[in-house]
Amino acid sequence: MAIREILKMGDARLLRVAKPVTVFDSDDLHRLILDLLDTMAAANGAGLAAPQIGVDLQLVIFGTDAPNPRYPDAPLVPRTVLINPVITPLPDASGALLEDEDWEGCLSVPGLRAVVPRFARIRYAGFDQYGDPIDRKVEGFHARVVQHECDHLIGKLYPMRVRDFSRFGFTEVLFPGLDAVQDD
Ligand code: NI
C-alpha cells in the first residue's frame, strides 16, 4: 500500500507504551499491516513494530519467506503478524532462565549495531490480524526478533538493553563490507 517513514531514536513516539488492539479484521487494521509489510520490505528489516511508523498500537510484524540480506546467516523465521503479545521467558531443563548474547540492529537506530542480551527461550502468545490466537515456544534468533520487536511496544529500544558498551558501534566499522550499500 505505502512505504511509511520510520521514526528514529529521539522521537518521543518511540517511547510510548502502546495501546492494545481492540478491533480485529478491520479495513484499518489490514491497511496498517500492508503498510508495515511494505515498509519492512523496503528497508530489508527483520521486523517492524507499529510504533516505529508512529502508530500507537500493540502490533508487530517479523519474519520473511526468504533469507534477509541484512541477516543472511540467520535461520528463517516465519512471516508473522503478532498483536497484543505476551512474552514469557522459558527455563531450560535445569530450571534456569538462560540468556543469549548476539548482535542487533534496528531500523529506528540506523547505522549502528550492539550486542544485546535476550532470553534464550520464550513463549509468546497473542493474536493475528483476524483475532485468531498465536501461541509459540521458540528459541535463538526467532526468540530474539520477537523480544526486540515487542520491546518497541513498551517504549524500549535495543540500546536501552545494552550492558557492554564496548560492543556497540557503527555497522560499517564493526562489520566492514556487510552493509556497504544498505543502512539499518
Ligand atoms: Ni527495532
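Q: Which residues form one aromatic cluster?
A: Rings of Phe, Tyr and Trp (its six-membered ring) pair if their centres lie within 6.5 Å. This is a predicted model, where local features need pLDDT of at least 70 and side-chain atom pairs 80 or more, while totals for chains, interfaces and linings use all residues. Numbering runs from 1 along each chain as its sequence is written, and side-chain values use heavy atoms, with hydrogens and water left out. The one cluster here is made of Y158, F165 and F168.

Q: How many aromatic pairs are there, and what kind do Y158 and F168 form?
A: The count comes to five aromatic pairs. Planes under 30 degrees apart count as stacked, over 60 as edge-to-face and the rest as tilted. With 6.0 Å centre to centre and 70° between the planes, Y158 and F168 are edge-to-face.

Q: Why does this pair tie together separate parts of the chain?
A: Helices (H or I, at least four residues) and strands (E, at least two) are DSSP runs numbered from the N terminus. Y158 sits in the loop between α2 (140-151) and β8 (168-170), and F168 is in strand β8, so the parts it ties together are ten residues apart in sequence.

Q: How many disulfides does the structure hold?
A: A disulfide takes two cysteine sulfur atoms within 2.5 Å. C150 is buried at 9%, and C106 is buried too, at 2%. For C150, the nearest cysteine sulfur is that of C106, 13 Å away. The number of disulfides is zero.

Q: In which order do the five strands form the open sheet?
A: Two strands pair if DSSP finds at least two bridges between them. The pairing here is antiparallel, and the edge strands β1 (47-49) and β7 (133-139) each pair on one side only. Reading across, the order is β1-β2-β3-β6-β7.

Q: Over how many bridges do β3 and β6 pair?
A: Strand β3 covers residues 80-89 and β6 residues 121-127, in the antiparallel sense. V86 stands opposite A125 in β6. The pairing runs over five bridges.

How values were computed. Buried means under 20% relative accessible area, exposed over 50%, partly exposed in between (1.4 Å probe, protein chains only).
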